[in-house]
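Open the model in your viewer and keep the selection tool ready.

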Amino acid sequence: MKIARSSGPAPYRPVGASEPGAMGAQVVVIAKEPVAGRVKTRLTPPFTPHQAARLATAALEDTLGSVAAARARHTVLALDGLPGAWLPPDVAVIPQRGAGLDERIAHAMADAHRLHPVPVVLVGMDTPQVTPDLLRAACAALSDHDAVYGPAADGGFWLLGLRRPDPSAVLGVPMSRPDTGAGVLARLRAAGRTVAHLPELVDVDTAADAARVAAAAPDSRFAATLAALSPVESPVADRVAEMSAAR
């Protein structure tokens, strides 16, 4: 693990070297430390805060695993909290800055770009079903587009990539609303940026979302954790089984 610390706008010292043969972009995962009562609060009920934190940990591990398999040039974790045993080696950790989510996203992209001045692809910890192929496609898109965008089913976005980060792309856009994604796209288009689009994914916010995501990625840590937490006769477990059977 490599941790880069900064108290503000001072330039970061580069951490680590790029992996031979890796892609030219970096991937930034923006996440909260998976602590009970602080993460995935919309999963409670039906889950307890401790169970929700276990699901958040699994989602974060799946996401970081996919990033590692994608072999991006660098991997950066913009973290609200402290690293834990779930953090793989060779990941640079930077602290989140800002109040609202729009500020935290803008700062995470800008800070990562100061750390490594290459294009930035940012993802959250809410889509454990993300695959290395999707991340590779996002990084590759920035070779001939100014931006790459992955829409979420709730109207937000699960991925945002910029060849050169610009805080104006997200600052002031209302977050966690059905029109959040549309607002970001409008900013990008108004700035004259070319945008590549990725497939829509489901964010894990509710128990129903968790069931859909687990069914879409049945071999993931997230799916295994959800199955272990769900009583055999629970509605969530039944929904996972139904959706898996329909695949």
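Begin with R71, in the loop between α1 and β3 (74-80). Helices (H or I, at least four residues) and strands (E, at least two) are DSSP runs, numbered from the N terminus. This is a predicted model with residues numbered from 1 along each chain as its sequence is written. Local features need pLDDT of at least 70, side-chain atom pairs count only at pLDDT 80 or more, totals for chains, interfaces and linings use all residues, and side-chain values use heavy atoms, leaving out hydrogens and water.

Stay on R71. Its phi is positive, about 60 degrees, although R71 is not a glycine. R71 counts as partly exposed because its relative accessibility is 36%. The cut-offs: buried is under 20% relative accessible area, exposed over 50%, partly exposed in between (1.4 Å probe, protein chains only).

Next, select S176, in the loop between β7 (157-162) and α4 (180-190). S176 also has a positive phi, near 60 degrees, and is not a glycine. At 71% relative accessibility, S176 counts as exposed.

Now go to the loop between β2 (26-32) and α1 (49-70), where P45 lies. Select T44 with P45: a cis peptide bond joins them, omega about -15 degrees. P46 lies in that loop between β2 and α1 too. The bond from P45 to P46 is cis, with omega near 10 degrees.

Last stop: which residues form an aromatic pair? The structure holds 1 such pair. Y149 and F157 form it, tilted, at 6.2 Å centre to centre and 45 degrees between the planes. Rings of Phe, Tyr and Trp (its six-membered ring) pair if their centres lie within 6.5 Å; planes under 30 degrees apart are stacked, over 60 edge-to-face, the rest tilted. Y149 is buried at 4% relative accessibility; F157 is buried at 14%.
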